[in-house]
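Here is a short tour of some aromatic rings and the strands around them. Have the model open as you read.

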Amino acid sequence: MALQTIKEGVLYKRGKINTDWRQRLFVLNGKQLAYFKGGRHAPSGIIEIKDIRTVTAMAEDGSFQVILPSRTYDIKGGKCIVLVLEMIPMVRIMCLHIGHNIVITFKLKWFPLSDLTKCVIMLLKMHH
């Protein structure tokens with residue numbers, strides 16, 4: 001039985017070796033955040049929710065890091081900062097749902113906080 005998609009959208013990911021930002025379709029379900037190069041046939045990679053240790057949001061450029069013990073993923077929304085701001089709390093809620101606690105940090109240096117950003121931060125603090 002396939003897991004229900006909670007959120008999906010196009011984000012950009014860069015790797016440690018190839019540091020160019022590459023467009024990927026990201027799909028979040030109850031157990032993983034998968035990303036696809038083209039179509040939804042086979043994922044290019046899967047981030048298991050249970051393996052996530054920290055999510056660091058760097059709102060100045062709309063990017064965030066998903067940190068696992070074995071790897072750090074750099075992801076950004078490009079023009080779609082709203083998708084990033086929706087995805088981060090959903091990852092947190094999925095972690096809590098499976099009994100896994102993670103740390104979420106925000107690096108907000110000069111970025112003016114919109115009402116949406118404030119709501120997301122409040123949501124995250126409520127679930128902390």
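## The aromatic cluster

Phe26, Tyr35 and Tyr73 are linked into a cluster by ring pairs. Rings of Phe, Tyr and Trp (its six-membered ring) pair if their centres lie within 6.5 Å; planes under 30 degrees apart count as stacked, over 60 as edge-to-face and the rest as tilted. The structure holds two such aromatic pairs. In one, the ring centres of phenylalanine 26 and tyrosine 35 are 5.5 Å apart and the planes meet at 35°, so this pair is tilted. In the other, tyrosine 35 and tyrosine 73 have centres 6.1 Å apart and planes at 70°, so the pair is edge-to-face.

Phenylalanine 26 and tyrosine 35 are both buried (under 20% relative accessible area, 1.4 Å probe, protein chains only). Tyrosine 73 is buried as well.

## The strands involved

Tyrosine 35 sits in strand 3 (residues 32–36) and tyrosine 73 in strand 7 (residues 72–76), so their pair ties together parts 38 residues apart in sequence. Strands here are DSSP runs (E, at least two residues), numbered from the N terminus.

Strand 7 pairs antiparallel with strand 1 (residues 7–14) over three bridges; pairing requires that DSSP finds at least two bridges between two strands. There, tyrosine 12 stands opposite lysine 76. Strand 6 (residues 63–67) also runs antiparallel to strand 7, joined by five bridges, with isoleucine 67 opposite threonine 72. Four residues lie between strand 6 and strand 7 in this hairpin.

## About the model

This is a predicted model: local features need pLDDT of at least 70, side-chain atom pairs count only at pLDDT 80 or more, and totals for chains, interfaces and linings use all residues. Residues are numbered from 1 along each chain as its sequence is written, and side-chain values use heavy atoms, leaving out hydrogens and water.

How values were computed
Buried means under 20% relative accessible area, exposed over 50%, partly exposed in between (1.4 Å probe, protein chains only).
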